[in-house]
Amino acid sequence: NLIHKQMSDFKDRLIDEQAQLEEKLNKLDAFLMSDKVKAVDDVQKALLQVQATAMNTYNQCLKERIERL
């Protein structure tokens, strides 16, 4: 069934997107918890924290959407 195949392809793309996002988020979180972050100026550090929060929200949204497909 064409509609089922399209939905399956869409879900696969969504799963891939979520996995890639989570990998990037994990790397960002690890950086923010490391000593390396001390070399970053305060404004950049604050922006990275905002970015991590936004990425986390986006990640949770994708997970919820995947569960509901």
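Which residues does V40 touch, once those up to four places away in sequence are not counted? In this predicted model, the answer is F31, K45 and L48.

As a general background, nonpolar side chains in soluble globular proteins tend to be buried together.

The arrangement of the two helices comes next. A packed pair of helices is described by the angle and the distance between the axes. Here, helix 1 spans residues 2-33 and helix 2 spans residues 42-67. Their axes come within 9 Å and cross at roughly 150°. Angles over 145 degrees count as roughly antiparallel, and helix 1 and helix 2 are therefore roughly antiparallel to each other. The crossing of this pair is left-handed. Sorted by class, the contact between helix 1 and helix 2 has 14 nonpolar, 5 polar and 7 charged residues.

I66 lies in helix 2 and has a relative accessible area of 15%. Because buried means under 20%, I66 is buried. With neighbours within four places in sequence left aside, I66 is in contact with K11, L14, I15 and Q18. By contrast, I66 and E23 are 43 residues apart in sequence, and their C-alpha atoms are 17 Å apart in space.

Methods:
Residues are numbered from 1 along each chain as its sequence is written. This is a predicted model: local features need pLDDT of at least 70, side-chain atom pairs count only at pLDDT 80 or more; totals for chains, interfaces and linings use all residues. Side-chain values use heavy atoms; hydrogens and water are left out. Axes are lines fitted to C-alpha atoms, for helices over the stretch in contact, and angles run from 0 to 180 degrees between N-to-C directions. Helices (H or I, at least four residues) and strands (E, at least two) are DSSP runs, numbered from the N terminus. Angles under 35 degrees count as roughly parallel, over 145 as roughly antiparallel, 65 to 115 as roughly perpendicular and the rest as oblique. A crossing is left-handed if the near helix is turned anticlockwise from the far one by less than a right angle, and right-handed if clockwise. Ala, Val, Leu, Ile, Met, Phe, Trp, Tyr, Cys and Pro count as nonpolar, Asp, Glu, Lys and Arg as charged, and the others, Gly among them, as polar. Contact means heavy atoms within 4.5 Å. Buried means under 20% relative accessible area, exposed over 50%, partly exposed in between (1.4 Å probe, protein chains only).
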